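Please read this note with the model open beside you. Take the points in order.

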Amino acid sequence: VQPNNYSTFYDDQRQNWSIMFESEKAAMDFSKQVCIAKWNSSPPLDSVLCQDLLLGEGQGAEGGDSLEVAYTGWLFQNNGLGQVFDSNVNKDKLLRLKLGSGKVIKGWEEGMMGMKKGGRRYLIIPPAWAYGAQGVAGRVPPDSTLVFEVEVRRVKLVKESSGSDGQSVSSRDSAAPSPVPSSDGFSTD
């Protein structure tokens, strides 16, 4: 998805196409559907499927960088979005995480690499990269494929020494409420 509500893509003959949408939301909704269609039309994937919705600005996050993220997670059911099982979008607290620390599911570690401040991405995560055969009691059934829409609100790069722009995340690690590998990390609200 490009600025001014354009979406560009290549077809199977490597011909470049552009579509202009009436709004940023329409362009993002189209990209989400393309991502779901890509997942449904390919053999079972053993990796995370990522679709950028907004690219964001600045340098892409790498291992060791800290992010503050707003997200919503759905169960992938009947070839599409099922019920929401977790979200912090309408809450006061953003999820803080450090890429590469192992505090979140493997699919997030992989799927959020390269994200920039203000970026939004759609992730479809197979069970092996999420909660696997154990699931999360009462929230995520065993062997569930998950879909997340994530938005990076702040980035603190390891290489960045000062937070003079006022947008940096504190480098102090805090316990992430979710999506964490074990069920006891879920917040009760």
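This is a predicted model: local features need pLDDT of at least 70, side-chain atom pairs count only at pLDDT 80 or more; totals for chains, interfaces and linings use all residues.

The points below cover the overall fold, the surface and the cysteines.

1. Now the fold. The chain has two helices and eight strands. Walk along the sequence and the order reads β-β-α-β-β-β-β-α-β-β.

2. Next, the contacts. Take those between residues at least 6 apart in sequence. Of these, 62% join residues at least 24 apart.

3. Then burial and surface. The chain has 189 residues, and 41% of them count as buried. The chain exposes about 10300 Å². Carbon and sulfur atoms supply 48% of that area.

4. How many disulfides are there? The count is zero. A disulfide is a covalent bond between the sulfur atoms of two cysteines. To be counted here, the two sulfur atoms must lie within 2.5 Å.

5. Is Cys-35 buried or exposed? Cys-35 has a relative accessible area of 1%. Buried means under 20%, so Cys-35 is buried.

6. Finally, look at Cys-50. Its relative accessibility is 31%. That value lies between the 20% and 50% cut-offs, so Cys-50 counts as partly exposed.

Definitions and conventions. Residues are numbered from 1 along each chain as its sequence is written. Side-chain values use heavy atoms; hydrogens and water are left out. Buried means under 20% relative accessible area, exposed over 50%, partly exposed in between (1.4 Å probe, protein chains only). Helices (H or I, at least four residues) and strands (E, at least two) are DSSP runs, numbered from the N terminus. Contact means heavy atoms within 4.5 Å. Accessible areas come from the Shrake-Rupley method with a 1.4 Å probe; for residues, only the protein chains shown count as cover.
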